[in-house]
Amino acid sequence: MTTARLIALDQILFVLVAAAWAATAGIALTGLRQPAAAGRRTRLIAAASCAAAIVVTALRVAVTAGLAGAGWWFVAEKVTLALPLVVVPALVSAAVSLPRLLRGTATGSTRIVAFPLLVAAYGAVAGIACAVVISYPVTAGGAAAVLALFAAGSAVTWRLLGPARSPRHGWQAAGTCVLALALALTIGGGWPSGHLHPEHDAGGPGVSVDLLRGPAPAAAGGPAGARERVRRFTLTAQPATVRLPSGGGAEAWSFNGQVPGPVLRVRQGDLVEVVLRNRLPVRGGAEQADSGQADSGQGVTIHWHGYDVPAAEDGVPGVTQNAVWPGQSHVYRFRAEDAGTYWYHSHQNSSVAVPRGLFGLLVVDPAAPAPESEDHVLALHAFGSRATLSVDGAAPSDLLTRLTLPPGARTRLRVVNTDTRPVVLGLSGVPYRIAAVDGGDVPGATELDGARLHLAAGGRYDLTFTMPSGPVLLTTGDRPALLVNGPATPPPAAGPIVDITRYGSPAALPDRFDRETTWVLDKTLAVSGGLPRLAQTVNGKAWPNIPTPVVRRGQTVRIRVVNRGTDTHPMHPHGHHVRILSRNGVPATGLAMDTFDVAPGEVWEVALVADNPGVWMSHCHDLAHAAQGMEFHLAYEGVTTPYDMTGGNHPA
Ligand SMILES: [Cu+2]
C-alpha cells in the first residue's frame, strides 16, 4: 500500500477507534447500572463492542507500523504520544473490563470495569487532537496540551465513578480541566511570537538585498558592451474583462489589458528592462494615488518565475521591494543569461492576483539558432472552474484551440502551467520528447509515444517533435485543448504517466553537502496572521513563524522535503533551480527544477547550490496554500533586507 493510502487509512481509523471506545464505554456504563439480570445482555453487547474496539486499535497500530517504514516524520507523534494513550488503556480493558463484562459481574464493579474503557476513549480522542495540533517535529506545547487534557479527564472520571458523588464534584472536574489546559499552554510556551524577518539577526551588518541589482545598461560596458542588446518593455497593470468562447467571462486584472500578459520574447544575452506601472483602481480616489500612499488599492510586483535573477529584481513585496501601488511604477533589469521557457506574475496578494490574471510568459531564445522552425508557447490557466489554453499570448480559450503547422516542421510546444493545481498532459498523434523541464534542457531526452505527463503548478515542459502528416492532439486533464492540423482527431494519449525524476540521462550530482535541512509539509493547527488556525505548515509552523534556513554563498545544501499531509505541494524556491536527487528513496537523473510537486506521502531529496546571494522567498505554488502559511525565506549569511510586511506588503 502506498504511503498516501496509509495516511488516508490512518485518518479514517483514528475516528473509528475513538468511536468504538466511546460506544463501548457508553454501553458498558448503561449495562453496569442496570440490575444484574436485566443488564446482562447489555453487558455482553459491551463486551462485543470492546472486542471490536481492540481490533480497530490493533489495526491502527499496524497502519502506523506501515507508515513508519516510510520514515519517522510520518509517525513521530503517533508512536510517542497518540498510540500509547489508547493502546495502554486498551490492554487494561482487555485484561480487566472484558472478562468482567463477559462474566456478567456487575454490582460494585462499575469503576473498575468502566474506567479503562473511558480512558481508552479519551486516549483515542487525544489521538485525534494530536493529528490536528501536532505535526513534525513533536512540540512540547502540543504534547503538554494533549497530555494535560487526557490526564485531567481521566482523573475527574476516576473521581466521578467513585462511591461519593455530589454536584460539587462536577464543578471541581470542570475546573481541573480548565486549569490543566492553562498549565499545558504555559508549559508549552504559549503561541510563538510573530517575527517578520528572522534573517535580520542571521548575518549581522551586511549587504542589503537592495544592492543586489541587475546590470544597468550604462554600466554594461566591457568589450561586449557595444554589441549588447537592451530589450525594453512596459507592463501596465490594469483592469480587463476576459471573455471565454464558451460564453463565460471574468473580470480580470491584466498586464497591458490582455490576459495572459504580453509574451516577452528575448534572446540569450540580452539585457531586459521592464517598467512596471500600476493603473489598477484606487481605493481612496485619484488624490491618494498621486500621493503614492501605501495600501491604497491592489499593489503589484513582477516575479520572474524560474528565472534566477539578482535578488533585488525578484519582485517579492516585503522582501526585495515594496508593493507598487496604483499610480506608482518600478523598473526591473536582468540579463537573460539562460535560454528557456519561463513566466512572470505579480507576487503581491498572489493567491488572488495570479488567478485573476496578473501573469504573462517569458521566453528566452538560445543565442545559437534553434533547430525548430515552429515554436509556440502555451499557457494553461483556470478562470474559476474553466480550464483554458492560450497560444502565443492570444486570448485564452476554454474550447478546443486549433493550430495549423506544415508537415515535416520541427516543432517545439512550450507548455506553461500558470494555474495553482497540477495538470496531466497528453500528446497524441506523434512521438515526442520532453526537450526542457522548467526552462532547462534535458540531456538524453528519450522519445515518448502515448505517455502522459504530470506538470506541477508553475512548472514548464518544452515538448519537441517533427510534425507528422496526420493531426496531433494535446489534452489537459480530460480536456482536448489543442488540435494541430485537424479536423480528424487522434485518440487522446492514455499511456502511463512519465516519472519526470527519472527522465533523461543521469547528470553529475554533488555527493558532498555542506548543510542538510528537512522541510516537513503538513496541515496542522499553527499561528498564522497572529491567530491559531488550521494552516499549511512547514515543520509544524506557518508563515511568518517558520525559521529561516540560512546558507553561505558557495555551499551545497541537501534539502529533504517530506509531505505528511493529504494535499499536493508544488514547492518553489526562488532564485535557484534545485537538482532532484531522489524521490521516495529512488535515485533520480538529477534534472534541474524550480517547482517540484511533492505528493502526499512522498519524500524528495534535492540539492541546492547557493550561488545567488539574497533573501529569497520559498513557498508552495498552490498559492492558496502559501496564503495559508506555507511560505518562508531562504537567506544568505550577511544579506539583509530593508523591507518587511508593514505598509501593506503581502507576498502570499
Ligand atoms: Cu501546497
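Tutor: Ala, Val, Leu, Ile, Met, Phe, Trp, Tyr, Cys and Pro count as nonpolar, Asp, Glu, Lys and Arg as charged, and the others, Gly among them, as polar. This is a predicted model, in which local features need pLDDT of at least 70, side-chain atom pairs need 80 or more, and totals for chains, interfaces and linings use all residues. Residues are numbered from 1 along each chain, and side-chain values use heavy atoms, without hydrogens and water.

Student: How do the residues of the lining of the second largest cavity divide?

Tutor: The lining consists of Asp10, Phe14, Arg60, Glu77, Lys78, Ala82, Gly127, Cys130 and Ala131. A lining residue has an atom within 4 Å of a cavity point, which is a point on a 1 Å grid over the protein atoms alone where a 1.4 Å probe fits but cannot get out. The lining divides into four nonpolar, one polar and four charged residues.

Student: What makes Arg460 and Asp438 a salt bridge?

Tutor: Their side chains meet at 3.8 Å, N to O. The definition asks for a Lys or Arg side-chain nitrogen within 4 Å of an Asp or Glu carboxyl oxygen, so the pair qualifies. The structure holds 27 salt bridges.

Student: Is Arg460 buried or exposed?

Tutor: Arg460 has a relative accessible area of 0%, so it is buried (buried is under 20%, exposed over 50%, partly exposed in between, with a 1.4 Å probe and protein chains only). Asp438, at 1%, is buried too.

Student: How do Arg552 and Glu637 count in accessibility?

Tutor: Arg552 and Glu637 join in a salt bridge at 3.3 Å, N to O. Arg552 counts as partly exposed at 46%, and Glu637 counts as partly exposed at 40%.

Terms used: 1 Å grid on protein atoms, 1.4 Å probe; cavity = no way out; pocket = protein on both sides within 12 Å on 5 of 7 lines; lining within 4 Å.
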